[in-house]
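Have the structure open while you read.

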Amino acid sequence: MDDKIKHNYLADSPPTVVCLEVKPHFDNLKDVKLRKYAHYMSRAAFEGTRVTLRQVSPESEPIYDLIISLYWACHGDWTSLARKTGVRDENLRFFLEYSAQFLGNCGNYKGFGDSKFIPRLPLEAFESLSSITPETAAAFKKANSTGGGIYETGEQSLMHLGYPEGKHMTTYYPDSPSITRDEITAIGDIMEQKGLPLENTRLRKTLSGDFELLIAAGVSSPPSRDRDLGDLDSFELSGQLKGKKLRLLFGDHIEEMAKIAHCIKLAGLNAANESQKRMLDAYALSFGAGSIEAFKQSQRIWVKDQKPVLETNIGFVETYRDPHGVRGEWEGFVALVNMERTRAFGELVDSAETMIPKLPWNKDFEKDKFLSPDFTSLEVLSFQSSGIPAGINLPNYDDIRQNLGFKNVSLGNVLAAKAPNEPVPFVTEKDLELYRKYRDPAFEVQVGIHELLGHGTGKLLQETAPGEYNFDVSNPPVSPVTNQPVSTWYKPGQTWSSVFGSIASSYEECRAECVAMALSCDFDILKIFGFGDGKEDLINEAGDVLFVAYLQMARAGLVALEFWDPKTQKWGQAHMQARYSILRTFLDAGGDFVKLAYTKDDLSDLEIHLDRSKILSHGRPAVEKYLQKLHIYKSTADVEAGKKLYDDITSVDEWWGTKVRDVVLKNKVPRKVFVQGNTILEGEEVTLKEYEPTLEGLIQSFAERHV
């Protein structure tokens, strides 16, 4: 790899380190049982740290052990460590920057972008630092020789997560370089027919050509009554895999899953009510025995647990990082409800039934009844994952969402976390003051609509069982896109993710973002969030918030090119692929609604010009036209039309992929990594220890919760 390309993979210098402030909210939590519940659920989430690491790359867990062992070798006195090992101050700083970014992303691939990053300090300097004890020297040797190691950049495809057949990095298909995308699809289809979801699995192809489905569980041989497929543990495959066998192997991540199940049971002793206890029993069964059906039962109960003081969710949840889009990454969070901000979200929920008809589809493509969700503003206490989002809409199971409902949360202290004097490239000088003033409120509005009315809307037309439909199949609804009766729908056992596969996550994020862009133009919604009086006015404060919301989305679509890899022609992040497509929609809206303005050949003075007077006349109609297609294709399982639409609008030609991307990379702002506190249980008392928002503070926080 040449030096110019290699430079793009260097760790951020410095990464943006911010504190996830929550202590005032935790201090207000006086109930001893609630504090203990928060502590044990936090521990359960963090006990899965090694699971997340293993889901990133083979070398991530050894690198984690190396960083933690170096902390304890010098007890956090990094200057002393550098002095004893003869490492220059600059190289010590590069080590701390790499370590903080590694821990913040829970692995050596970016949690938001899926590309590998490598240290800026020379290998020899890293090795010298690690020579402080025999144990740390051995840890360095292991970390740099496992998988791709710390420094390996020889094969550019391995610098990105993806399918093995593309020679990308993945550990969802471990030790399986010859496994193909078609084989993964075929086995997924077979398991779907047998009724076994795949979120908590990994798939291995053996040397004989047979396959092993590795199921995360705290035991290697759970009783058949606790298994989703009873006593079935192997079977002959059919179709293109005829003659091959699939074995179900329980006990993937066995130590961690057992510890997680134990922490869940301890949390159950401190649950607030019987409903929570049943939820936790289902969690414990899922993580102990590897049952996804038990996990789904936990989610059914969780959805009905309305307005708890403490909110939590945990498991193999989001499928963004599996190249096939079906296997979930381990994550878990515990958060405290911010009652003041939650009131605004409650009003948004109350308005939902009047807002949904304003979207560009009719009732045939919408749920028969909107299931009012719990929508809360949360202050995160603990969040274990490869990256912390600003908002969440769960659960991800269509049958639960369609029949029981869902929950939305906005993570207030994530939204509020800022580094001082953060640069904002590509925004014009005349717009900058307004942008800085309203970007947080505009983003809160966007997140609220995105989660509630984006992910929360839409009906999937289904054949729910052979010969049974959730729509009139003899007189199918007319598509507003084609003006013809629909001819496709979901067959029994099919899900949104299984049909749309690898594009499902990004496509759905795009649909939700478009709903947010369309409905943020509704001044009644802006009034709910405290802006304006509900009357349409682009020059008052509500108009300012709307303008910044559109400008923020346009800017996000531009900086999204950081996450496009020209070599592999692959997007590395679902949300950013979506935002790029929305920028393209803005640019195609006509009337010079949005322009990329520049005077220099190298685009070094590139700016976004957005005409706020045309948001309602050009911006919203363009978004709604795009949204209508996204929604109808999803609703009708028309993967052929949906994939063509999405592939076309997210394609990156030479101008976008070289000239524009180059200036984006030159101006990129490091993504935030969050310093989280640790709960400490002493007797019956639970306290919260917080850390300084520094490189050293972030490393210390991980070392002191080391799992």
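Two residues are in contact when they have heavy atoms within 4.5 Å. Keep in mind that this is a predicted model.

Q: Which residues does Phe586 touch, not counting residues up to four places away in sequence?
A: Here's the list for Phe586: Met517, Tyr550, Met553, Ala554, Phe593, Val594 and Val623.

Q: What makes a set of residues a nonpolar core?
A: The members must be buried residues from a nonpolar list, joined through side-chain atoms within 4.5 Å. The largest such core here has 99 residues, and Phe586 is among those with the most contacts inside it, along with Leu453, Tyr550 and Leu558. Helix H21, residues 541–559, gives the most to this core, with 12 residues. There's also a second, separate core of 58 residues, including Tyr40 and Phe333. As a general point, nonpolar side chains in soluble globular proteins tend to be buried together.

Q: Why is Leu558 called buried?
A: The cut-off for buried is under 20% relative accessible area. Leu558 comes in at 0%, so it counts as buried.

Q: Where is Leu558, and which residues is it in contact with?
A: Leu558 sits in helix H21. Leaving aside neighbours within four places in sequence, its contacts include Phe426, Leu583, Ile608 and Trp656.

Q: Is Pro164 buried or exposed, and how do you know?
A: Buried means under 20%, exposed means over 50%. Pro164 has a relative accessible area of 12%, so it goes down as buried. That's for a residue in the loop between helix H9 (134–143) and helix H10 (181–194). Pro164 also touches Thr170, Tyr173, Ser176, Pro177 and Ile179, once residues up to four places away in sequence are set aside.

Q: How much of the protein chain counts as buried?
A: Of its 707 residues, 61% do.

Q: What does the protein chain have in the way of helices and strands, and why can it be called as compact as a globular protein of its length?
A: It has 26 helices and 19 strands. The C-alpha trace spans about 70 × 65 × 55 Å along its principal axes.

Terms used
Residues numbered from 1 in each chain as written. Predicted model: local features only at pLDDT ≥ 70, side-chain atom pairs only at ≥ 80, totals over all residues. Heavy atoms only, no water. Helix = DSSP H or I, 4+ residues; strand = E, 2+ residues; numbered from the N terminus. Buried < 20%, exposed > 50% of the residue type's maximum accessible area, 1.4 Å probe, protein only.
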